[in-house]
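The tour goes from the whole chain to single residues.

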Amino acid sequence: MVIKGGCLCGGVRYEITGALFDASNCHCSMCRRQHGAAYSTYARFDPDDFRWISGEELVKVYETPSGAGWCFCSECGSTLAASDKGKFTSITLGTVEGDPGIKPEFHIFAASKAVWHEIKDNLPQFEELPPDSWDPPGKA
Ligand SMILES: [Zn+2]
Ligand SMILES: [Zn+2]
């Protein structure tokens with residue numbers, strides 16, 4: 001399975017040559033500001049499966065001191081990926097073309113959600129991150 005996607009202006013494109021896992025909606029205040037939305041939706045990938053097809057020079061990373069990064073197109077502002085200490089770890093489902101083969105499985109940082117947003121589905125909610133021992137549904 002090859003997953004492809006890109007940014008709004010079309011300058012940046014990527015491909016992922018493996019399945020996505022751990023799709024979640026993140027309600028943290030940093031994602032909220034960075035996306036300008038109630039929450040962000042990311043799915044993780046094996047970093048070895050990920051590559052930029054075009055426009056890598058347009059990709060900027062905003063990294064916090066903890067090493068969490070949001071990677072976006074410097075031309076159009078689309079947020080494409082998240083990184084951890086410089087390594088790309090997850091993709092925004094909103095930039096994937098077609099069916100990413102996965103749907104959000106849980107909510108993270110639910111304790112930080114926007115006061116004006118109500119979570120109306122029955123997916124598991126974690127105040128912050130899931131405990132290490134927790135296996136998301138659908139993951140072997
Ligand atoms: Zn762009
Ligand atoms: Zn977040």
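Helices, of at least four residues, and strands, of at least two, are DSSP runs, numbered from the N terminus. Keep in mind throughout that this is a predicted model.

**Whole protein**

Start with everything selected. The protein has 1 helix and 10 strands. Follow the cartoon along the sequence and the pattern reads β-β-β-α-β-β-β-β-β-β-β. The radius of gyration is 15 Å, close to the 14 Å that the globule rule gives for 140 residues, so the protein is as compact as a globular protein of that length. Switch to the C-alpha trace: along the principal axes it spans about 35 × 35 × 30 Å. Of the 140 residues, 29% count as buried. Of the contacts with a separation of 6 or more, 55% are between residues 24 or more positions apart.

Next, find the open sheet with the order 6-7-8-9-4-3-10. Its 7 strands have mixed pairing. Which strands stand at the edges? Select 59–63, strand 6, and 106–108, strand 10. Each has a single partner strand, so one side of each is left without a neighbour in the sheet.

Now zoom in on strand 4 and strand 9. They run antiparallel and are joined by 3 bridges. Pick Arg-44 and look across to strand 9: its bridge partner there is Ser-90.

Select residues 3–6, strand 1. Ile-3 stands opposite Ile-16 in strand 2. Then trace the hairpin of strand 1 and strand 2, with 6 residues between the strands. Stop at Gly-10, which takes a positive phi near 85°.

**Gly-6**

Stay with strand 1 and select Gly-6, which lies in it. Is Gly-6 buried or exposed? Gly-6 is buried, because 22 other C-beta atoms lie within 10 Å and the cut-off for burial is 20 or more. Show its contacts beyond four places in sequence: Val-12, Arg-13, Tyr-14 and Thr-95. Then draw a distance from Gly-6 to Ser-78. They are 72 residues apart in sequence, yet 8.5 Å apart in space, C-alpha to C-alpha.

**The nonpolar core**

Finish inside. Show side chains for Leu-20, Cys-71, Leu-80 and Ile-91. Of the 26 residues in the largest nonpolar core, these four touch the most other members. Which strands supply at least two residues of this core each? Colour strand 2 (13–16), strand 3 (21–26), strand 4 (40–44), strand 7 (68–73), strand 8 (79–84) and strand 9 (87–92). The largest share, 4 residues, comes from strand 7.

Last stop: Cys-71. Hide its neighbours within four places in sequence and display what else it contacts. The set is Val-59, Val-61, Leu-80, Ala-81, Ala-82, Ser-83 and Phe-88.

Conventions: Residues numbered from 1 in each chain as written. Chains lettered and ligands numbered in written order. Predicted model: local features only at pLDDT ≥ 70, side-chain atom pairs only at ≥ 80, totals over all residues. Core = buried A, V, L, I, M, F, W, Y, C linked by C-beta atoms within 7 Å. Buried ≥ 20, exposed ≤ 12 C-beta atoms within 10 Å, placed from the backbone. Contact = placed C-beta atoms within 7 Å. Pairing = 2+ DSSP bridges. Rg over C-alpha atoms; globule rule 2.2 N^0.38 Å.
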